[in-house]
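Have the sequence and the coordinates open side by side.

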Amino acid sequence: MLNFSKYLTEAKKPSQAKTAETASDDKGKLHELLLAKHLHPENQLPSHWRSKSEDYGGTPEQVHDRLKAKVGKAAYGEINTHAKQTAAEIKTHMTEAGHIGGKTGHVIHDVHWTSNRDAEHNPGDHERTTGIKDKNSNADLIITTKPKKAGASKFVGISAKYGSQAKPNFKNSGLESLEKEAGHPKGTYAKLQQKQ
């Protein structure tokens with residue numbers, strides 16, 4: 001079972017001058033798309049599984065173009081700058097964490113926009129991308145890495161939140177959340193951590 005126990009969560013928006021009047025959901029969706037573009041090895045919008053019946057439906061290109069026209073040139077430029085800065089921070093973090101480069105030889109191969117959750121009897125974007133169902137996945141993007149030569153793909157989930165912090169917030173679920181997900185009694189992991 002492939003469950004993401006850690007997500008790279010980012011928030012990169014030191015200035016809200018141009019986007020102050022833009023709806024939060026529009027900013028968030030546009031930021032997801034632009035972040036995926038700047039993470040993609042070919043600087044292109046992400047792969048997707050989205051249906052046309054959703055609020056932000058259509059291809060990533062269609063959603064991008066609609067939102068770009070809706071938010072205006074100044075706000076788009078600000079969101080794009082923040083997405084570019086965040087992508088650079090995420091790539092640095094992925095290198096330092098051993099997801100890409102170094103001994104693994106992995107490189108970013110693809111980026112998927114994944115906002116449709118997996119359901120019990122219905123595959124969502126996580127399952128379609130990774131081949132494994134995870135009803136708890138909250139990844140907005142999933143990065144697929146592959147070795148430069150031959151080898152298995154790996155996946156990194158990204159929760160792409162567009163907020164007001166100056167630095168991306170790389171976080172994991174925390175001990176209590178992990179205990180709950182695993183079905184262990186509260187305090188189990190804290191006790192294990194104290195023994196070290």
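A search for aromatic pairs across the whole structure returns 0; rings of Phe, Tyr and Trp (its six-membered ring) would pair with centres within 6.5 Å, as stacked with planes under 30 degrees apart, edge-to-face over 60 and tilted for the rest. A charge does sit over one ring: Lys 68 lies over the face of Tyr 76, 4.9 Å from the ring centre. That term requires NZ of Lys or CZ of Arg within 6 Å of the ring centre and within 35 degrees of the ring normal.

The model is predicted, so local features need pLDDT of at least 70 and side-chain atom pairs count only at pLDDT 80 or more, while totals for chains, interfaces and linings use all residues. Residues are numbered from 1 along each chain as its sequence is written, and side-chain values use heavy atoms, with hydrogens and water left out.

The protein has 6 helices and 6 strands, taken as DSSP runs numbered from the N terminus (helices H or I, at least four residues; strands E, at least two). Their order from the N terminus is β-α-β-α-α-β-α-β-β-β-α-α. Of the 196 residues, 41% are buried, meaning under 20% relative accessible area, with exposed over 50% and partly exposed in between (1.4 Å probe, protein chains only). Among contacts (heavy atoms within 4.5 Å) with a separation of 6 or more, 67% join residues 24 or more positions apart.

In soluble globular proteins, nonpolar side chains tend to be buried together. Here the largest nonpolar core holds 27 residues, and Leu 35, Leu 39, Leu 141 and Ile 143 touch the most other members. Such a core is a set of buried Ala, Val, Leu, Ile, Met, Phe, Trp, Tyr and Cys residues joined through side-chain atoms within 4.5 Å. Helices H1, H2 and H3 and strands S3, S4 and S5 each give two or more residues to this core, and H3 gives the most, with 7.

Helix H1 is largely enclosed by the rest of the structure, because 13 of its 16 residues are buried.

Which strand holds Ile 143? Ile 143 belongs to S4, and it counts as buried because its relative accessibility is 0%. Beyond four places in sequence, its contacts include Leu 39, Met 94, Ile 108, Val 156 and Ile 158.

His 106 lies in strand S3 and is buried at 6% relative accessible area. Its side chain reaches the backbone nitrogen of Lys 146 at 3.5 Å. Polar contacts are pairs of N or O atoms within 3.5 Å; within protein, one must be able to donate a hydrogen and the other to accept it, and residues adjacent in sequence count only if both atoms are side-chain atoms. Among the other residues that His 106 touches are His 99, Thr 145 and Lys 154.

Thr 130, in helix H4, is buried at 13% relative accessibility. A polar atom of the Thr 130 side chain lies 3.1 Å from the backbone nitrogen of Ile 132.

Most residues other than glycine have a negative phi. Asn 43 has a positive phi, near 50°. Asn 43 is in the loop between H1 and strand S2 and is partly exposed, with a relative accessible area of 41%.
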